[in-house]
Every structure is written in structure tokens, then in C-alpha cells.
Amino acid sequence: MSSSKEYAEYVLEQLSDAGEVSSRAMMGEYVVYFRDKVIGGIYDDRFLVKPTPAAVSLLAGAEYQIPYEVAKEMLLVDAIENRELMAQLLQAMYPELPERKPRKKK
């Protein structure tokens, strides 16, 4: 099952209070970026974020789920309607995330 464009748009809208949020479609799913860093993604209409220390703390008790086979576990965000928490989450996660790797030139 892949994620719907409507759900992806809803998630981006809920995250928009944080600032520069975007996504990129990849094989029926969506990678979600905050500023220039990957924070997580939308998989099977589930919003999952990387389990950084800030995310684990702010989403206390969140369920760990695997976005797709052979992937690392991520945190399921079930409070997507809480825009204030979402903005706080993205801001707190940002410094803990690795810099985006430049694309290799062919």
C-alpha cells in the first residue's frame, strides 16, 4: 500500500507552523524534510520520524514502527493534529539530524 497525496498534503499542512517543510515523492511514499534535513517520512499513510533524542523525549510512549522492509525503526507520530507540538518537535529535532548529503554527479 502506498500513501495518498491527500494525506501527505495534510501532514505538510500540520507541520507548516514550524517553517520550511517539504516532501519528495519516492516509490509511492514521501520523504519529509525540515529546512534541508530529512526528519522522517510518510509510509502507508503513517507519519514516522527519526528517533532522535528530542523526538523520543517529546513523543514519550510513541510506538516504534518499520516504514518498509529492511528499514530502521522510526517513531509513529499519532498527535499530528497538535500543530504546536509538531512545530516544537521539528525545531528540537533539527540540530540532532545529520546534514543532507550532496547528490553525486553522474
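**From single residues to the whole chain**

Colleague: Does Gln 65 count as buried or exposed, and at what relative accessibility?
Modeller: This is a predicted model, in which local features need pLDDT of at least 70 and side-chain atom pairs count only at pLDDT 80 or more, while totals for chains, interfaces and linings use all residues. Residues are numbered from 1 along each chain as its sequence is written, and side-chain values use heavy atoms, with hydrogens and water left out. Buried means under 20% relative accessible area, exposed over 50% and partly exposed in between, with a 1.4 Å probe and protein chains only. Gln 65 therefore counts as buried, at a relative accessibility of 15%.

Colleague: Leaving out residues up to four places away in sequence, what does Gln 65 touch?
Modeller: Contact here means heavy atoms within 4.5 Å. Val 38, 27 residues away in sequence, has its C-alpha 17 Å from that of Gln 65. The residues that Gln 65 touches are Arg 46, Leu 48, Lys 72, Glu 73, Met 74 and Leu 76.

Colleague: Which backbone nitrogens does the side chain of Ser 3 reach?
Modeller: Ser 3 belongs to the segment before helix H1 (5-15), and it is buried, with a relative accessible area of 8%. Beyond its neighbours within four places, its contacts include Gly 28, Tyr 30 and Ile 42. A polar atom of the Ser 3 side chain is 3.0 Å from the backbone nitrogen of Asp 44, and at 2.9 Å the side chain reaches the backbone nitrogen of Asp 45.

Colleague: Where does Asp 45 lie, and what is its phi?
Modeller: Asp 45 is in the loop between S3 and strand S4 (46-49), and its relative accessible area of 28% makes it partly exposed. Although Asp 45 is not a glycine, its phi is positive, at about 55 degrees.

Colleague: What relative accessibility does Arg 35 have?
Modeller: Arg 35 occupies the loop between strand S2 (29-34) and strand S3 (37-43), and its phi is near 55 degrees, a positive value in a residue other than glycine. Arg 35 counts as partly exposed, at 33%.

Colleague: Which residues does Gln 14 contact, apart from neighbours within four places in sequence?
Modeller: Gln 14 is placed in helix H1, and it is buried, with a relative accessible area of 9%. Glu 9 is also in helix H1, but at 46% relative accessibility Glu 9 counts as partly exposed. The contacts of Gln 14 are with Ile 80, Glu 81, Arg 83 and Met 86.

Colleague: Against which elements do the buried residues of H3 pack?
Modeller: In helix H3, residues 83-93, the buried residues are Leu 85, Met 86, Ala 87, Leu 89, Leu 90 and Met 93. They pack against H1, strand S1 (21-26), S2, S3, S4 and helix H2 (53-58).

Colleague: Turning to the protein chain, what is its radius of gyration?
Modeller: Three helices and six strands make up its secondary structure, in the order α-β-β-β-β-α-β-β-α along the sequence. The globule rule, 2.2 Å times the number of residues to the power 0.38, is compared with a radius taken over C-alpha atoms. For 106 residues the rule gives 13 Å, so the protein chain is as compact as a globular protein of that length, its own radius of gyration being 13 Å.

Colleague: What percentage of the residues of the protein chain count as buried?
Modeller: The C-alpha trace spans about 40 × 30 × 25 Å along its principal axes. Among contacts between residues at least 6 apart in sequence, 55% join residues at least 24 apart. Of the 106 residues, the buried percentage is 43%.

Methods. Helix = DSSP H or I, 4+ residues; strand = E, 2+ residues; numbered from the N terminus. Polar contact = N/O pair within 3.5 Å; in protein donor to acceptor, adjacent residues only side chain to side chain.
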